[in-house]
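Student: Please take me through one part of this model, slowly and closely. I would like to look at the place where the two chains meet.

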Protein chains: 2
Amino acid sequence: LIKAFDEILRVAKEKGPRVIAVAVAQDIEVLSAINSAKDLGIAEAILVGDKNELIEAAGKCGVELAKFEILDIADKTEACRKAVELVSTGKAHLVMKGLVDTSVILKAVLDEKIGLRTGNVLSHVAVFHVEGYDRLFYVTDAAMNLAPTLDQKKQIIENAVQVAHALGNENPYVGVLAAVEKVNPKMQATLDAAELVAMNQRNELTGCRVAGPFALDNAVSVEAAKHKGMTDPAAGHADILMVPTIEAGNLLYKSMVFFAKAKNAGIIVGAKAPVVLTSRADSDEAKLNSIAIGVLMASK
Amino acid sequence: LIKAFDEILRVAKEKGPRVIAVAVAQDIEVLSAINSAKDLGIAEAILVGDKNELIEAAGKCGVELAKFEILDIADKTEACRKAVELVSTGKAHLVMKGLVDTSVILKAVLDEKIGLRTGNVLSHVAVFHVEGYDRLFYVTDAAMNLAPTLDQKKQIIENAVQVAHALGNENPYVGVLAAVEKVNPKMQATLDAAELVAMNQRNELTGCRVAGPFALDNAVSVEAAKHKGMTDPAAGHADILMVPTIEAGNLLYKSMVFFAKAKNAGIIVGAKAPVVLTSRADSDEAKLNSIAIGVLMASK
């Protein structure tokens, strides 16, 4: 059971390296992160992109390109398709986004012919370590699905459960979050929470224990849960924090990064292989951690 | 311009004391907070409630009841109505909730005859100080309005602006929050943000500068805003953080309290007088700070 980010790196090193296909790899920050992962023994990489731009970017960040296999494809859409194809044909184990719009790489991932689609919802799982807490939190979905339906929420939970499993948490508690901890017909998030709990009890949603609705405090703080007189064993112990909408998730996510200074990483799950998709605002550490989680996912 | 909670207490002491009508005052924690506010010279109080229970509660928390005027009313609904009436008739300046459900006291506040209704939306404003930030944040509405309409959002901003004004911030920046910083027709929060900005530019929403849509990072971090190439002068400088739904707001609020360990206070605004409504989970400090903000609001 991995409880902190240094352990993620250590275990990824043990289980790795895995091969990352980097789509449009001529991104200074992505190259740096890939280089660190390579040096740590976590990952190998195939860099797909414009070779001249790759040489220029590598020069700027002091990365020795000779360490990596390079596929010279200037067109960004083509580079994304090639990177994805490397994974679907087994030459690489996961995909990482470089200097290209998210929509372009996701289109390649979802391509019926060369892509990695499974028919399931793709969703984003953010992994956090907050100072003072003894475990990792998995926040989902703060980035991809705008206002998921009940069935999409079920799949979003299943995706997050895969990440928790890959990090050694074999039966995570899922806290389905809302503004309150009582079911209120005026608040769809609470109705969906009750339904997701019922699905879990009927074994239609497995590999985890689903509880809620919870307000955030009752999901993460045993003391707050006691204060409310809650007796659910998941209360205060949630690992996966499932948010009702992208606005709620994004505010939680950004608040954890900017206000709580929590360490973080993120990954896209639901395709046949993990997709690492970092943003420019992520720290170098967050980018490396995201790669490490991708490697753990791809090592299962 | 008040930038931290110790200043709130200091200024409330200068401008106070104001008289608080405490509805169903036989609540140990509320009594303690009222007692601290009295000792600091911030507030006087009229305790409305069951006298026997008041004596018992005061005994448990070591509060000397002789310092306060007491109105012995055992029935909770009647006690709420009386407390509200004390304010509407000018004998007290603000109301505070004791050992009674929120709905009961709000019903009294909204009563057409003895209440404090203005026709405007009542909304909750949470005031935060996060370590490392040079100003207070006003988060609204994380507690009362479930999914406000555009017009309700306008009033919610107006209510928060009143609180910022009372704390010396004469022209606060309002960051209208969403999951992204671009207007996206699939995301109502971004459409409403654009409309609220336009209302502000047309002088239909005044006393503040409204900007957005912002993701949280671009609202509070100048560096993150620069990273995104944002040029709006409000970017990174928002004082009021206006959330789209109660779920988004509650997650942000709870995350700030439980993950970021931010200092906080809260108040209900939109009635003729402020309503202090603390929850059992609030710290003693948060309760006292909430009273102090109520006193500042009532001193304008």
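Predicted model: local features only at pLDDT ≥ 70, side-chain atom pairs only at ≥ 80, totals over all residues.

Tutor: Now see which elements chain B brings. Three of them give two or more residues to the side that touches chain A: α8 (216-220), α9 (222-227) and α10 (246-258) of chain B. The largest share comes from α10(B), with 10 residues.

Next, sort that side of chain B by class. It has 25 nonpolar residues, four polar and six charged.

Charge also links the chains. Two salt bridges are counted between chain B and chain A. One salt bridge joins A:Asp217 to B:Lys254. Their closest N and O atoms are 3.3 Å apart.

Now step back to the whole contact. Chain B gives 35 residues and chain A gives 34. How much area is buried between chain B and chain A? The figure is about 3,000 Å². Carbon and sulfur atoms give 76% of that area. In chain B, the residues that lose the most area to chain A are B:Glu247, B:Leu251 and B:Phe259. Together they make up 26% of what that side buries.

For contrast, turn to two strands of chain A. Strand β1 (residues 18-23) and β2(A) run parallel, joined by six bridges. A:Ala23 has A:Val48 in β2(A) as its bridge partner. Strand β2 (residues 43-49) of chain A is largely enclosed by the rest of the structure, because six of its seven residues are buried.

Technical notes. Residues numbered from 1 in each chain as written. Chains lettered and ligands numbered in written order. Heavy atoms only, no water. Contact = heavy atoms within 4.5 Å. Buried area = accessible area lost by both parts, 1.4 Å probe. Salt bridge = Lys/Arg side-chain N within 4 Å of Asp/Glu carboxyl O. Helix = DSSP H or I, 4+ residues; strand = E, 2+ residues; numbered from the N terminus. Nonpolar A, V, L, I, M, F, W, Y, C, P; charged D, E, K, R; others polar. Buried < 20%, exposed > 50% of the residue type's maximum accessible area, 1.4 Å probe, protein only. Pairing = 2+ DSSP bridges.
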